[in-house]
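Please walk through the strand pairing in this model. Follow the residue numbers as you read.

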Amino acid sequence: MRSKRTAEWWIIALLVVTLTFSTSVLCAAEPWFADVTAEVGLSGGGQALWADYNGDGWVDVCIGGTLYRNENGQRFTQVVGAGSGLWGDCDNDGDLDQFSWGGDGSLFLNNGDGTFGDVPFPPLPTGSHSGACWADLNGDGFLDLYVGGYETWGVVAAYPDTIYINQGNSTFVEDWRTPAGQEQPARGVTAADFDNDGDIDIYVSNYRLQPNLLWRNDGSLLFTNVAHEYGVAGNPVSGAYGHTIGSAWGDLDNDGYIDLFVGNFSHPPAYQDRPQFLRNEGPPDYHFQDMSSTAGLAWQESFACPTLGDFDNDGDLDLYFTTVYGGDHSVLYRNDGNWHFIDVTTEAGIDAVQTYQAAWADYDNDGDLDLLTGGKLYENRYPTDNHWLKVKLEGPGSAIGAQVRIQLPRGENPLARQVLTRQVAAGTGQGNQNDLTLHFGLGSHADPVMLEVRWPYGEHEMVWTAVDRLITVTKR
């Protein structure tokens, strides 16, 4: 009798274990992101540009020439009469304006009532452009524009890049263009103060195996291309660089210095540059070290547009990277620290078609980043108790170029610190734009934190705040 009861108990125990294991497997199979595109009323490919254009606290989005208004994180409604463009407050009236680099170039001023007015803008040198970026290039408090010139297949090798300076009255004048004979086919244009001197520098991603450009700004409209000297032009063998489509700035190792990911499209010959993880070595020279060989990114031929965001709120910036050839697939790589990245695309459940579209934003205001790519909005449902903080900066030019730093413990050593750094950026990859509201994952850190806000051109301030909230900081 005892043997029979023992056998029954073993059977019950086995069933419990089996059921527990099966439940765990089912739970583990739940994807981290859910495709909610149809549910929220979005559609369309093309570039993705996030911004809260009407100031209601819910981030809106332009997709492929169409503006959608966010209705309290539940649905998006198409805005009639509005187009697509790079967001920035160019007239310092507190709302976001648009610049479109298509055709001859167009500037749309936000009227503050949900409508936009088309104002004159100097004609661009040609009708072939793939990207631009806003930045206050001369420190006068108004956003200027750097517009990349691309190419027309079979006509000329490339068109000039152009800088337009804001006159402070909603008008712009051309200040500079690439000298004749030195044009290169630009794709993505993105900006950051990589050398912590207070002014904004420009990185230009060039196609056709041409070296990329890093324009170091002296703060008075004197720019020097230091790409070769600083190690970010590419590393040619047999004279070939990469076909760079888009790049992304971000502090990938939490040391307080803005690093660079270069998104090279590259054909099979080994002499063409592969994508590059470039570590900013900081002072005194702010040169870059290539960390690509140990980062873990598996090569695909048609890599295109990168974008950086901390999707799991652990404090590290993760990488999403698109592809544009059939047979290749866009990928999500989780940053595990120490310049090591893990492919988690399958676990994430992201299945984007070939696309140049990639941008992060917290569209539903739940504290984690959602992703728009391949014509789909992926809502973040990553299972975590990690803490977070969102920081909205209010200042001239929608605070583009400003940086926020948060110091947190690093590991078990109470004296070791990491410095989480985020910047307000107008543009990532080729023509995409992440939300201007800064997002920090904080891992297990639940205590209040000190924000160090660095406004462009040298002004700093410190602000205490609790976590798991949105805080707005207005420049004094």
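**Strands and their partners**

Gln98 stands opposite Phe108 in strand 8. This is a predicted model, with residues numbered from 1 along each chain as its sequence is written. Local features need pLDDT of at least 70, side-chain atom pairs count only at pLDDT 80 or more, totals for chains, interfaces and linings use all residues, and side-chain values use heavy atoms, with hydrogens and water left out.

Start with strand 7 (residues 97-100) and strand 8 (residues 106-110). They run antiparallel and are joined by 3 bridges. Strands here are DSSP runs of E, at least two residues, numbered from the N terminus. Two strands pair if DSSP finds at least two bridges between them.

Now widen the view. Strands of a sheet pair through backbone hydrogen bonds.

Next, go to strand 33 (residues 449-454). Strand 30 (residues 403-410) pairs with strand 33 in the antiparallel sense over 4 bridges. Here Val404 stands opposite Val453. Strand 33 is also joined to strand 34 (residues 460-465) by 6 bridges, again antiparallel. Val453 has Glu461 as its bridge partner in strand 34.

What do strand 33 and strand 34 form? They form a hairpin, with 5 residues between them. In the turn, Tyr457 has a positive phi of about 70 degrees.
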